[in-house]
Amino acid sequence: MNRPVRRAVICAIGLVLAAVAVGVSGAAPPLWGDRTANAGSMGAQQVGSPLKTFPLFARNASTGELRAYEANGTGGLKSAYELGGGFGDATALVQANVSGGGRANDLYHRAAGTLYYTAEHGNDTKVIGGGWDIYNTIVSVGNMGGTADPDLVGRDASGNLWLYQGKPDGTLAARIRVGTGWNGMTLVGRGDYTGDGKADLLARFGDGTLNIYAGTGAATVDAVVGTRYDAGAGWQAYKALASAGDTDGDGKTDLIAADTAGALWLFKGTGNTAAPFAPRVQIGASGWAAFDVLF
C-alpha cells in the first residue's frame with residue numbers, strides 16, 4: 001500500500017516556473033514535505049518495490065488548489081490533504097511513481113506549452129521540453145513500454161497517440177506512435193485491467209462505452225496496445241475517470257469515477273476481461289463536482 005503523501009508545503013506552479021526560468025536546478029521549495037510521518041501499516045510494501053496504490057489527486061476548478069486523497073486500504077479514501085494552490089494555470093497534470101525507486105508520487109505538469117517534472121524524492125524540478133501544447137490529452141500509463149519506469153501517453157489534434165517511455169530521472173525517451181484514430185476518447189491508464197501483468201489503457205468513447213486496450217509490453221510502433229475488450233456502456237454518466245491503482249488491496253487495479261451530481265464511485269477490478277469491473281460502490285457522497293481534474 002501507499003504511504004501517506006507528504007503533506008507539509010507544496011510549491012505553487014508559479015514558484016516552480018520562476019526557479020526553472022532562472023536555471024536553478026532544485027531551487028524550488030520542497031514539493032511534498034515529510035512523507036514518513038504516519039506511515040503506519042500503509043508503508044509495509046514500500047521497501048524495495050514500486051507503488052501499486054496511488055493517492056487520488058484532485059484540482060479545484062475555481063481556486064486552482066490541489067488535494068490528495070490516500071486510499072484507506074479497503075477501497076475508500078481518507079480525508080484530503082491540502083497540497084496548495086497555484087495550479088489553475090496548468091493545462092495538464094499527471095502523477096507518476098518515478099523517484100525513490102518507484103516509491104514516490106511525482107508530478108508532471110504542463111504550463112504555456114512546456115512540460116515540467118517535479119520529483120518527490122529529491123525535490124528536483126526540471127524542464128522536460130517545450131511544444132507539449134500539441135497534445136490535447138496527456139495521461140500517465142505506468143510501465144507500458146517494457147522498461148522499469150512509468151511512461152506518458154499524449155494524443156495530438158489529429159488523433160494520433162504517442163508513447164513516451166520514462167527514465168529513472170523523470171526525463172522521457174523519444175516518442176513512439178501507439179496508433180491513429182484516438183480522437184473523441186477519454187483516456188485512463190496506470191493499471192493492469194486484463195490480469196496479464198502488463199499495463200493497459202482504458203478509453204471511453206463519446207457514446208459512453210468503455211474499452212480496455214490490452215498493453216503488449218512492447219515499445220513497438222503501432223503495437224504498444226493489442227486486443228480491445230468491451231468494458232460496458234453507460235459511462236457517460238461520469239464527469240471524470242481516474243485510476244489510483246489497487247485501492248482495496250486485492251492485487252487488482254481499480255477504477256474511480258465522479259458522476260455529474262458530485263458523487264464518487266469505485267469500480268473494483270476483477271482481472272477478468274469478460275467482466276472487468278465489479279458493481280460500483282459509492283466512496284464519496286458529494287462535493288466531487290467541484291474538481292475539474294482527477295488524476
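The model is predicted. The protein has 295 residues, of which 54% count as buried, and contains 2 helices and 20 strands.

**Overall make-up**

- The accessible surface of the protein comes to about 11300 Å². Carbon and sulfur atoms account for 51% of that surface.
- Among contacts between residues at least 6 apart in sequence, 46% join residues at least 24 apart.

**The sheet S8-S9-S10-S11**

- Four strands form an open sheet in the order S8-S9-S10-S11, and their pairing is antiparallel.
- Strand S8 and strand S11 (residues 176-179) stand at the edges of this sheet. Each has a single partner strand, so one side of each is left without a neighbour in the sheet.
- From one strand to the next, the twist averages 30°.
- Within the sheet, S9 and S10 pair in the antiparallel sense over 4 bridges. Val153 has Leu163 in S10 as its bridge partner.

**The largest nonpolar core**

- In soluble globular proteins, nonpolar side chains tend to be buried together.
- The largest nonpolar core here has 16 residues, and Met144 and Trp182 touch the most other members.
- Strands S8, S10 (161-164) and S13 (201-204) are the elements that give two or more residues to this core.
- Leaving out residues up to four places away in sequence, Met144 touches Asp151, Leu163, Ala199, Asp200, Leu201, Gly215, Gly217, Ala218, Val224 and Val225. Leu163, one of these, is also the bridge partner of Val153.

- Thr137 is found in strand S8, which covers residues 135-142. Thr137 has a relative accessible area of 17%, which is under the 20% limit, and therefore counts as buried.
- The side chains of Thr137 and Arg155 are joined by a polar contact of 2.9 Å.
- Beyond neighbours within four places in sequence, Thr137 is in contact with Val153, Gly154, Arg155 and Leu187.
- Thr147 is found in the loop between S8 and strand S9 (151-156). With a relative accessible area of 30%, Thr147 is partly exposed.
- A polar atom of the Thr147 side chain lies 3.4 Å from the backbone oxygen of Asp149.
- When neighbours within four places in sequence are set aside, Thr147 is in contact with Gln165 and Gly166. Thr147 and Gly166 are 19 residues apart along the chain, and their C-alpha atoms are separated by 7.8 Å.

- Arg190 is found in the loop between strand S12 (186-188) and S13. Its phi is near 70°, a positive value in a residue other than glycine.
- Arg190 is buried, with a relative accessible area of 7%.
- Asp222 is found in the loop between strand S14 (210-215) and strand S15 (225-230). The phi of Asp222 is near 60°, again a positive value in a residue other than glycine.
- Asp222 is partly exposed, with a relative accessible area of 39%.

Key:
Residues numbered from 1 in each chain as written. Predicted model: local features only at pLDDT ≥ 70, side-chain atom pairs only at ≥ 80, totals over all residues. Heavy atoms only, no water. Buried < 20%, exposed > 50% of the residue type's maximum accessible area, 1.4 Å probe, protein only. Polar contact = N/O pair within 3.5 Å; in protein donor to acceptor, adjacent residues only side chain to side chain. Contact = heavy atoms within 4.5 Å. Areas by Shrake-Rupley, 256 points an atom, 1.4 Å probe, with all protein chains shown as cover. Core = buried A, V, L, I, M, F, W, Y, C linked by side-chain atoms within 4.5 Å. Pairing = 2+ DSSP bridges. Axes fitted to C-alpha atoms, helices over the stretch in contact; angles between N-to-C directions.
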